[in-house]
Amino acid sequence: MRRDTRTTVVAGNWKMNMTPSQTTLLINEMKTALPENPACKVVLCVPFVDIAAAVEAVKGSVIEIGAENVHFESKGAYTGEISASMLVECGVKYVIVGHSERRQYFAETDETVNLRAKAALEAGLTAIICVGETLTEREQGVTAETVARQTKIALMGVSEEMLKNVIIAYEPVWAIGTGRTATAEQANEVCGIIRDVVKALYGEKAAEAITVQYGGSMNAKNAKELLSKTNVDGGLIGGASLKAPDFAEIVKASDQ
């Protein structure tokens, strides 16, 4: 992490977990467990049905609320989808775009990720854009090319001013939900590749300012080592964000 040029952000991704009543209970537990003045921004990205409960529960705390996806149109005949303006009116500040599970199970492409990111940014949301390689791609030695391609396409049409509301999360697909984790050195290397892409597109100042998270099974035990790396500016946390003590430990690990 480099606090002199960029912001550390620890964001939980609850995925398809927690009812509204469970949301209130967990957030109340987190408010007790989290430090009063964390060294990072703390975000919880929750299912759509939990947003209202989450926004109410975090009042008076350091926690901000995000969503897990957004549609690229502002309105229309898109049954089951949620627009950026709907999220804004619900009190959401952040939204995850292009998570590997969306790409894998729901046919998200690099192009639709780009459209969703731009829709979020134009509405004033902070977009957490996810990129990362599969195990096959890592074994084929094309991690750098894969991550660079995804990053470049995701940022097409994103102005330098809009980039200030972009977080990029490196999530090696092979490490999500598998219990496997990239080493701190591997995470730092790929986060550095992402930063180099941003540098080529927007210049060194923008590259040094952008927050790049690690999103592959960061947990209470490995967070401190991962967050000690220069190019790792926080985490996009899955399972550990559903346990208040574990999530609090990750947030505390950002204070170094």
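Reader: Are Y170 and Y214 buried or exposed?
Author: This is a predicted model, in which local features need pLDDT of at least 70, side-chain atom pairs count only at pLDDT 80 or more, and totals for chains, interfaces and linings use all residues. Residues are numbered from 1 along each chain as its sequence is written, and side-chain values use heavy atoms, with hydrogens and water left out. Buried means under 20% relative accessible area, exposed over 50% and partly exposed in between, with a 1.4 Å probe and protein chains only. By that rule, Y170 and Y214 are both buried.

Reader: What kind of aromatic pair do Y170 and Y214 form?
Author: Rings of Phe, Tyr and Trp (its six-membered ring) pair if their centres lie within 6.5 Å; planes under 30 degrees apart are stacked, over 60 edge-to-face, and the rest tilted. For Y170 and Y214 the centres are 6.0 Å apart and the planes 55 degrees, so the pair is tilted.

Reader: Which strands hold Y170 and Y214?
Author: Strands (E, at least two residues) and helices (H or I, at least four) are DSSP runs, numbered from the N terminus. The pair ties together parts 44 residues apart in sequence, because Y170 and Y214 lie in two strands. These are β6 (residues 166–170) for Y170 and β7 (residues 211–214) for Y214.

Reader: Which kind of aromatic pair do Y105 and F106 form?
Author: Both Y105 and F106 are exposed. Their rings are 6.4 Å apart, centre to centre, with 80 degrees between the planes. The pair is edge-to-face.
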